[in-house]
Amino acid sequence: MQLRDSPARHGLRRQVTVLTGALVAVALVAGVLVFATLLYRVLVGQLTSSVVSETGIIADAVAAHGPAAARSVGFAAAFDVQLLDPDGNVMLTTSGQTQPLSLLRPEAGLLVSQGVDAWWVPFDTDQPMLVAVAGVDYDDATYTVLVGTPLDRIHDTVSLTAGVLLAAVPALVALVAGLS
């Protein structure tokens, strides 16, 4: 009696191959999702650094030379910049938006941000705006500098990357199945 060529042997091998392929597919999908989440967090972190830096530059100019100095600062084209008067009215905007980007109003000398804690969620269409807000004292009045940018581009980039990687999973599973 030969077991090597028996139908039972071929059936067992097929079951092991299918099980191995399924385990590899689950591991690959989980890995892609973890990678996409980490990529999103890194990109948001880098963008946050840029937004906070831009906010600090504008706030320093306003603190040193007054609100009119905000107009002389070269703004990054990717950011929406606003300067609010002490009453919370928009004095300067680069986007034409008349409503403040954020409801945050930090005290003079403080810089806070919102939207930094956003997470990548597949198929999510409601992305927050990343906004850094600084309170600035000038001439006994507190002005507010807001610099923001939407997170849509980062979300779309990460979603595309994850989609391409997930599309490759069937090919990798077939490769593993062919090798076993």
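# Figure legends

**View 1. The side chains of S102 and Q114 make a polar contact of 2.9 Å.** A polar contact here is a pair of N or O atoms within 3.5 Å; within protein, one must be able to donate a hydrogen and the other to accept it, and residues adjacent in sequence count only if both atoms are side-chain atoms. This is a predicted model, in which local features need pLDDT of at least 70 and side-chain atom pairs count only at pLDDT 80 or more, while totals for chains, interfaces and linings use all residues. Residues are numbered from 1 along each chain as its sequence is written, and side-chain values use heavy atoms, with hydrogens and water left out. A polar atom of the S102 side chain also lies 3.0 Å from the backbone nitrogen of L104. S102 belongs to the loop between β2 and β3; helices (H or I, at least four residues) and strands (E, at least two) are DSSP runs, numbered from the N terminus. With a relative accessibility of 2%, S102 counts as buried (buried is under 20% relative accessible area, exposed over 50%, partly exposed in between, with a 1.4 Å probe and protein chains only). Once neighbours within four places in sequence are set aside, S102 is in contact with Q114, V131, V133 and L146 (contact means heavy atoms within 4.5 Å).

**View 2. Five strands form an open antiparallel sheet, ordered β2-β1-β5-β4-β3.** The edge positions are taken by β2 (90–93) and β3 (111–114); each has a single partner strand, so one side of each is left without a neighbour in the sheet. Neighbouring strands are turned against each other by 20° on average, direction ignored (axes are lines fitted to C-alpha atoms, for helices over the stretch in contact, and angles run from 0 to 180 degrees between N-to-C directions). Two strands are taken as paired if DSSP finds at least two bridges between them.

**View 3. Strand β5 pairs with β4 and with β1.** β4 (residues 129–138) and β5 (residues 141–150) are antiparallel and share 10 bridges. Within this pair, V136 has Y143 as its bridge partner in β5, and D137 stands opposite T142. β1 (residues 80–84) also runs antiparallel to β5, joined to β5 by five bridges. Here L83 is placed opposite V145 of β5. β5 is mostly covered, with eight of its 10 residues buried.

**View 4. The hairpin of β4 and β5 has two residues between its strands.** Both D139 and D140 lie in the loop between β4 and β5. D139 has a positive phi of about 55° although it is not a glycine. For D140, also a residue other than glycine, phi is positive and near 60°.

**View 5. The largest nonpolar core has 31 residues.** A nonpolar core is a set of buried Ala, Val, Leu, Ile, Met, Phe, Trp, Tyr and Cys residues joined through side-chain atoms within 4.5 Å. Y40, I58, V145 and L151 have the most contacts inside the largest core. At least two of its residues come from each of α1 (7–65), β1, β4, β5 and α2 (152–179). α1 gives the largest share, 10 residues. V145 touches T55, I58, A59 and V62, as well as Q82, L83, A132, V133, A134 and V136, not counting residues up to four places away in sequence. Another core, of five residues, lies apart from the largest one and has L84, L101, V131 and V133 among its members.

**View 6. The chain as a whole has two helices and five strands.** From the N terminus on, the elements run α-β-β-β-β-β-α. The radius of gyration is 26 Å, well over the 16 Å that the globule rule gives for 180 residues, so the chain is more spread out than a compact globule. This radius is taken over C-alpha atoms, and the rule is 2.2 Å times the number of residues to the power 0.38. Along the principal axes, the C-alpha atoms fill a box of roughly 100 × 25 × 20 Å. Of the 180 residues, 32% count as buried. Among contacts between residues at least 6 apart in sequence, 60% join residues at least 24 apart.
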